[in-house]
Amino acid sequence: MVDVDGGTVGPVERRADVGAAFETYHAELFSFLRRGTRDAAAAEDLLQDAFLRLAQESEAGRSPDNVRAWLYRVAANLAISRARRGRTAIAWMSRVGRPEVERMVESPEAATLDRERSAEIDRVLAGLSAEARTALLLSSEGFSGQEIAVAIGRSYIATRTLMSRARVRVREELERREGRS
């Protein structure tokens, strides 16, 4: 890696860059992951994985040009992969005779506290697929449709369709719940 003066950037400078990125983006990235996973512990793990990957890329001399966008893309992919693994585990547990397993939680108390902290929008977002939820959350963070498409690994048109359908579903569900209250 070459710095602005034409010299090479060493490991100390690369670690400092990763540290600066952590200080700058960790709070907003954690918030994004927390909303996406609805699980603070999982969000912490995914946040750590995202910054670990940034450190690895930096050490290999492949620091991304736009660190914020790169981190969101990695975090979104990690969250989507986690959701897919969870669905696979639940399906497997159902096939081997444990159909009552729907969601693994730390404890009943933690689950109750988590539900109490969740807002109505979180409950509605939970009904969306991991990709749709991630796309909407990235949109709320100010990412463009093209950036979201790259982050979730879909074409721009497919991402627009996904987001449009997800927004309609969220709006209809919120209206339905509001009518019930």
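Predicted model: local features only at pLDDT ≥ 70, side-chain atom pairs only at ≥ 80, totals over all residues.
Trainee: Why is Ala-27 called exposed?

Mentor: Its relative accessible area is 51%. Exposed stands for over 50%, buried for under 20% and partly exposed for what lies in between, with a 1.4 Å probe and protein chains only, so Ala-27 at 51% counts as exposed. Ala-27 sits in helix H1, where helices (H or I, at least four residues) and strands (E, at least two) are DSSP runs numbered from the N terminus.

Mentor: Residues are numbered from 1 along each chain as its sequence is written, and side-chain values use heavy atoms, leaving out hydrogens and water.

Trainee: How do you know what confidence the protein chain has in pLDDT?

Mentor: pLDDT is the predictor's confidence in each residue, from 0 to 100. The protein chain averages 77, and 71% of its residues score at least 70.

Trainee: What makes Arg-68 and Glu-28 a salt bridge?

Mentor: A salt bridge needs a side-chain nitrogen of Lys or Arg within 4 Å of a carboxyl oxygen of Asp or Glu. Here the N to O distance is 2.8 Å, so the pair qualifies. Arg-68 lies in helix H3 (residues 67-95) and Glu-28 in helix H1 (residues 11-37), so the pair ties together parts 40 residues apart in sequence. Both are partly exposed: Arg-68 has a relative accessible area of 24%, and Glu-28 has 26%.

Trainee: Which other pairs meet in salt bridges?

Mentor: The structure holds 4 in total, among them Glu-57 with Arg-62, at 3.0 Å between the closest N and O atoms. Glu-57 has 21% relative accessibility and Arg-62 has 49%, and each is partly exposed. Another joins Glu-173 and Arg-176 at 2.4 Å. These two are 3 residues apart in helix H8 (residues 156-180), about one helical turn. Arg-176, at 44%, is partly exposed.

Trainee: Is Arg-133 buried or exposed, and how do you know?

Mentor: Arg-133 has 7% relative accessibility, so it counts as buried. This residue is in helix H6 (residues 130-140). Its side chain comes to 3.0 Å from the backbone oxygen of Leu-128. Leaving aside neighbours within four places in sequence, Arg-133 touches residues including Arg-35, Gly-36, Arg-38 and Leu-125.

Trainee: At what angle do H6 and helix H7 pack?

Mentor: H6 and helix H7 (residues 145-152) pack at about 145°, with axes 10 Å apart. Axes are lines fitted to C-alpha atoms, for helices over the stretch in contact, and angles run from 0 to 180 degrees between N-to-C directions. Glu-131, Thr-134, Ala-135, Leu-138 and Ser-139 of H6 make the contact with Ile-148, Ala-151 and Ile-152 of H7.

How values were computed
Polar contact = N/O pair within 3.5 Å; in protein donor to acceptor, adjacent residues only side chain to side chain. Contact = heavy atoms within 4.5 Å.
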